[in-house]
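Open the model in your viewer and keep the selection panel at hand.

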Amino acid sequence: MKFFVDTADVAEIQALAASGLLDGVTTNPSLIAKSGRKILDVVAEICAIVPGPVSAEVAATDYEGMMREAAILRRIAANVVIKLPLTPDGLRACKALTSDGAKTNVTLCFSAVQALLAAKAGATYVSPFIGRLDDIGMDGMELIRDIVAIYRNYPETLKTEVLAASIRHPVHVLQAAKAGAHVATIPPGTLRSLYAHPLTDKGLAAFLADWAKTGQTIA
Ligand code: G3P
(Lines give C-alpha, C1' and ligand atoms only; values in the text may rest on other atoms or scores of the structure.)
Protein backbone atom coordinates (compact mmCIF):
# COMPACT_ATOMS: atom_id res chain seq x y z
CA MET A 1 0.00 0.00 0.00
CA LYS A 2 1.26 3.46 -0.87
CA PHE A 3 1.14 6.18 1.80
CA PHE A 4 0.33 9.74 0.77
CA VAL A 5 0.09 12.57 3.29
CA ASP A 6 -3.05 14.70 3.18
CA THR A 7 -1.80 18.22 3.90
CA ALA A 8 -0.55 21.44 2.33
CA ASP A 9 1.79 22.15 5.26
CA VAL A 10 5.23 22.20 3.67
CA ALA A 11 7.11 21.89 6.98
CA GLU A 12 5.09 18.77 7.88
CA ILE A 13 5.75 17.28 4.45
CA GLN A 14 9.48 17.99 4.73
CA ALA A 15 9.62 16.23 8.11
CA LEU A 16 7.58 13.23 7.00
CA ALA A 17 9.48 12.84 3.72
CA ALA A 18 12.66 12.24 5.76
CA SER A 19 11.18 8.89 6.82
CA GLY A 20 11.59 7.58 3.28
CA LEU A 21 8.11 6.06 3.60
CA LEU A 22 6.15 8.86 1.96
CA ASP A 23 4.97 8.00 -1.56
CA GLY A 24 3.01 11.14 -2.40
CA VAL A 25 0.90 14.08 -1.22
CA THR A 26 -2.72 15.14 -1.60
CA THR A 27 -4.05 18.65 -1.15
CA ASN A 28 -7.51 20.14 -1.50
CA PRO A 29 -8.90 23.70 -1.45
CA SER A 30 -9.56 23.54 2.31
CA LEU A 31 -5.99 22.43 3.02
CA ILE A 32 -4.59 25.20 0.76
CA ALA A 33 -6.80 27.73 2.59
CA LYS A 34 -5.50 26.42 5.93
CA SER A 35 -1.90 26.93 4.75
CA GLY A 36 -2.68 30.61 4.12
CA ARG A 37 -0.48 30.49 1.01
CA LYS A 38 -0.89 30.69 -2.78
CA ILE A 39 -1.66 27.33 -4.38
CA LEU A 40 0.98 27.62 -7.12
CA ASP A 41 3.74 28.37 -4.58
CA VAL A 42 2.73 25.64 -2.16
CA VAL A 43 2.35 22.94 -4.82
CA ALA A 44 5.70 23.88 -6.39
CA GLU A 45 7.44 23.55 -3.01
CA ILE A 46 5.77 20.22 -2.28
CA CYS A 47 6.73 18.86 -5.70
CA ALA A 48 10.35 19.80 -5.05
CA ILE A 49 10.32 17.84 -1.77
CA VAL A 50 8.37 14.73 -2.83
CA PRO A 51 9.16 13.09 -6.17
CA GLY A 52 5.94 11.03 -6.05
CA PRO A 53 2.45 12.12 -7.12
CA VAL A 54 1.23 15.46 -5.69
CA SER A 55 -2.50 16.12 -6.10
CA ALA A 56 -3.56 19.73 -6.74
CA GLU A 57 -7.28 20.39 -7.06
CA VAL A 58 -9.02 22.63 -9.57
CA ALA A 59 -11.44 25.24 -8.21
CA ALA A 60 -13.51 25.73 -11.36
CA THR A 61 -16.74 23.76 -11.67
CA ASP A 62 -17.22 23.96 -15.44
CA TYR A 63 -15.32 21.86 -17.98
CA GLU A 64 -13.58 24.77 -19.74
CA GLY A 65 -12.52 26.34 -16.45
CA MET A 66 -11.20 23.03 -15.14
CA MET A 67 -9.17 22.50 -18.31
CA ARG A 68 -7.73 26.03 -18.06
CA GLU A 69 -6.75 25.55 -14.40
CA ALA A 70 -5.41 22.05 -15.05
CA ALA A 71 -3.08 23.44 -17.74
CA ILE A 72 -1.67 25.93 -15.22
CA LEU A 73 -1.29 23.31 -12.46
CA ARG A 74 0.38 20.85 -14.86
CA ARG A 75 3.06 23.42 -15.67
CA ILE A 76 4.22 23.47 -12.02
CA ALA A 77 5.99 20.09 -12.15
CA ALA A 78 5.89 16.71 -13.85
CA ASN A 79 4.59 14.98 -10.70
CA VAL A 80 1.44 17.11 -10.35
CA VAL A 81 -1.77 15.08 -10.37
CA ILE A 82 -4.88 17.02 -11.35
CA LYS A 83 -7.61 16.57 -8.75
CA LEU A 84 -11.14 16.93 -10.07
CA PRO A 85 -14.55 16.70 -8.41
CA LEU A 86 -16.79 13.77 -9.21
CA THR A 87 -19.26 15.72 -11.33
CA PRO A 88 -20.21 15.39 -15.00
CA ASP A 89 -17.83 18.24 -15.89
CA GLY A 90 -15.12 16.84 -13.63
CA LEU A 91 -15.29 13.44 -15.30
CA ARG A 92 -15.36 15.00 -18.76
CA ALA A 93 -12.19 16.91 -17.83
CA CYS A 94 -10.73 13.70 -16.38
CA LYS A 95 -11.26 11.88 -19.67
CA ALA A 96 -9.73 14.73 -21.70
CA LEU A 97 -6.75 15.16 -19.38
CA THR A 98 -6.08 11.42 -19.26
CA SER A 99 -6.10 11.30 -23.07
CA ASP A 100 -3.57 14.12 -23.00
CA GLY A 101 -1.24 12.15 -20.72
CA ALA A 102 -2.05 13.83 -17.40
CA LYS A 103 -2.43 11.98 -14.12
CA THR A 104 -5.77 12.57 -12.43
CA ASN A 105 -7.40 12.09 -9.03
CA VAL A 106 -11.20 12.11 -8.97
CA THR A 107 -12.28 13.31 -5.56
CA LEU A 108 -15.45 13.56 -3.44
CA CYS A 109 -16.43 9.97 -4.26
CA PHE A 110 -19.19 8.68 -1.99
CA SER A 111 -20.63 5.72 -3.93
CA ALA A 112 -19.33 2.69 -5.80
CA VAL A 113 -21.13 3.62 -9.00
CA GLN A 114 -19.46 7.03 -8.88
CA ALA A 115 -16.13 5.18 -8.63
CA LEU A 116 -17.13 3.07 -11.64
CA LEU A 117 -17.70 6.29 -13.62
CA ALA A 118 -14.32 7.67 -12.51
CA ALA A 119 -12.56 4.52 -13.70
CA LYS A 120 -14.39 4.63 -17.02
CA ALA A 121 -13.21 8.24 -17.37
CA GLY A 122 -9.65 6.95 -17.02
CA ALA A 123 -8.85 8.42 -13.61
CA THR A 124 -5.42 7.52 -12.26
CA TYR A 125 -6.87 7.58 -8.73
CA VAL A 126 -10.35 7.73 -7.24
CA SER A 127 -10.72 9.18 -3.74
CA PRO A 128 -13.56 7.66 -1.69
CA PHE A 129 -14.04 9.65 1.55
CA ILE A 130 -14.23 7.15 4.41
CA GLY A 131 -14.46 9.48 7.41
CA ARG A 132 -17.16 11.73 5.98
CA LEU A 133 -19.37 8.68 5.33
CA ASP A 134 -18.75 7.42 8.88
CA ASP A 135 -19.65 10.93 10.13
CA ILE A 136 -23.18 10.57 8.73
CA GLY A 137 -23.68 7.07 10.13
CA MET A 138 -22.70 5.18 6.99
CA ASP A 139 -19.91 2.60 6.61
CA GLY A 140 -17.06 4.28 4.75
CA MET A 141 -15.01 1.08 4.64
CA GLU A 142 -17.83 -0.79 2.93
CA LEU A 143 -17.41 1.67 0.07
CA ILE A 144 -13.69 0.87 -0.20
CA ARG A 145 -14.46 -2.87 -0.26
CA ASP A 146 -17.13 -2.41 -2.95
CA ILE A 147 -14.89 -0.32 -5.21
CA VAL A 148 -11.94 -2.70 -4.90
CA ALA A 149 -14.24 -5.65 -5.72
CA ILE A 150 -15.72 -3.89 -8.75
CA TYR A 151 -12.36 -2.84 -10.17
CA ARG A 152 -11.01 -6.38 -9.67
CA ASN A 153 -13.83 -7.70 -11.87
CA TYR A 154 -12.51 -5.70 -14.85
CA PRO A 155 -8.70 -5.71 -14.60
CA GLU A 156 -8.23 -5.24 -18.34
CA THR A 157 -10.27 -2.06 -18.62
CA LEU A 158 -10.46 -0.42 -15.18
CA LYS A 159 -6.94 0.63 -14.19
CA THR A 160 -7.83 3.27 -11.58
CA GLU A 161 -6.18 3.00 -8.16
CA VAL A 162 -8.33 3.24 -5.04
CA LEU A 163 -7.03 6.08 -2.88
CA ALA A 164 -8.67 5.83 0.55
CA ALA A 165 -9.25 9.44 1.69
CA SER A 166 -10.81 11.24 4.64
CA ILE A 167 -8.89 8.92 6.95
CA ARG A 168 -9.29 9.80 10.61
CA HIS A 169 -7.37 7.16 12.60
CA PRO A 170 -4.99 4.17 12.29
CA VAL A 171 -7.84 1.63 12.15
CA HIS A 172 -9.00 3.27 8.90
CA VAL A 173 -5.51 2.63 7.48
CA LEU A 174 -5.56 -0.98 8.68
CA GLN A 175 -9.00 -1.68 7.27
CA ALA A 176 -8.29 0.08 3.96
CA ALA A 177 -5.13 -2.04 3.55
CA LYS A 178 -7.08 -5.23 4.35
CA ALA A 179 -9.70 -4.21 1.79
CA GLY A 180 -7.01 -3.83 -0.88
CA ALA A 181 -6.97 -0.04 -1.34
CA HIS A 182 -3.88 0.84 -3.38
CA VAL A 183 -3.19 4.08 -1.52
CA ALA A 184 -4.15 5.73 1.76
CA THR A 185 -3.88 9.49 2.07
CA ILE A 186 -3.33 10.16 5.73
CA PRO A 187 -3.28 13.37 7.82
CA PRO A 188 0.19 14.00 9.35
CA GLY A 189 -0.87 13.27 12.94
CA THR A 190 -2.46 9.95 12.00
CA LEU A 191 0.56 9.03 9.88
CA ARG A 192 2.84 9.58 12.88
CA SER A 193 0.53 7.59 15.15
CA LEU A 194 1.03 4.50 12.97
CA TYR A 195 4.46 4.06 14.57
CA ALA A 196 3.13 3.99 18.11
CA HIS A 197 2.65 0.95 20.33
CA PRO A 198 3.10 0.95 24.13
CA LEU A 199 4.84 -2.44 24.02
CA THR A 200 7.42 -1.03 21.59
CA ASP A 201 8.21 1.79 24.05
CA LYS A 202 8.25 -0.57 27.03
CA GLY A 203 10.38 -3.14 25.22
CA LEU A 204 12.89 -0.53 24.06
CA ALA A 205 13.21 0.90 27.58
CA ALA A 206 13.94 -2.59 28.94
CA PHE A 207 16.52 -3.34 26.22
CA LEU A 208 18.28 -0.03 26.86
CA ALA A 209 18.35 -0.60 30.62
CA ASP A 210 19.85 -4.09 30.16
CA TRP A 211 22.31 -2.78 27.59
CA ALA A 212 23.51 -0.07 29.98
CA LYS A 213 24.34 -2.80 32.54
CA THR A 214 26.76 -4.41 30.07
CA GLY A 215 28.87 -1.24 29.85
CA GLN A 216 29.36 -1.96 26.15
CA THR A 217 29.29 0.36 23.12
CA ILE A 218 28.96 -0.72 19.50
CA ALA A 219 31.98 0.82 17.87
O1 G3P B 1 -8.31 15.39 0.79
C2 G3P B 1 -9.50 14.70 0.81
C3 G3P B 1 -9.85 14.11 2.15
O4 G3P B 1 -8.79 13.32 2.64
C5 G3P B 1 -10.41 15.07 3.16
O6 G3P B 1 -10.53 14.53 4.43
O7 G3P B 1 -10.83 14.84 6.86
O8 G3P B 1 -11.54 16.68 5.29
O9 G3P B 1 -12.83 14.55 5.44
P10 G3P B 1 -11.49 15.19 5.56
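A disulfide is a pair of cysteine sulfur atoms within 2.5 Å. Keep that cut-off in mind for the first stops. Note also that this is a predicted model.

**Cysteines**

Cys109 itself is buried, at a relative accessible area of 0%.

Now move to Cys47. Is Cys47 buried or exposed? Its relative accessibility is 10%, so Cys47 counts as buried.

Widen the view to the whole structure. A search there turns up zero disulfides. Cys47 is in none, and the nearest cysteine sulfur, that of Cys94, lies 19 Å away.

**Ligand**

Next, select the ligand. The space it takes is the largest pocket. Which residues are around the ligand? Show Asp6, Asn28, Lys83, Phe129, Arg132, Ala165, Ser166 and Arg168. By class, this shell holds four charged, two polar and two nonpolar residues.

Go on to Ser166, where the distance from a ligand oxygen to a side-chain N or O atom is 2.7 Å. Then pick Asn28, whose side chain has an N or O atom 3.0 Å from an oxygen of the ligand.

Finish with the surface. Taken alone, the ligand exposes 310 Å². The protein buries 83% of that.

Methods: Residues are numbered from 1 along each chain as its sequence is written. This is a predicted model: local features need pLDDT of at least 70, side-chain atom pairs count only at pLDDT 80 or more; totals for chains, interfaces and linings use all residues. Side-chain values use heavy atoms; hydrogens and water are left out. A residue is near a molecule or strand if one of its heavy atoms lies within 4 Å of it. A polar contact is a pair of N or O atoms within 3.5 Å; within protein, one must be able to donate a hydrogen and the other to accept it, and residues adjacent in sequence count only if both atoms are side-chain atoms. Accessible areas come from the Shrake-Rupley method with a 1.4 Å probe; for residues, only the protein chains shown count as cover. On a 1 Å grid over the protein atoms alone, a cavity is a set of points where a 1.4 Å probe fits but cannot get out, and a pocket is an open set with protein on both sides within 12 Å along at least five of seven lines; lining residues have an atom within 4 Å of a point. A molecule sits in a cavity or pocket if more than half of its atoms lie within 2 Å of its grid points. Ala, Val, Leu, Ile, Met, Phe, Trp, Tyr, Cys and Pro count as nonpolar, Asp, Glu, Lys and Arg as charged, and the others, Gly among them, as polar. Buried means under 20% relative accessible area, exposed over 50%, partly exposed in between (1.4 Å probe, protein chains only).
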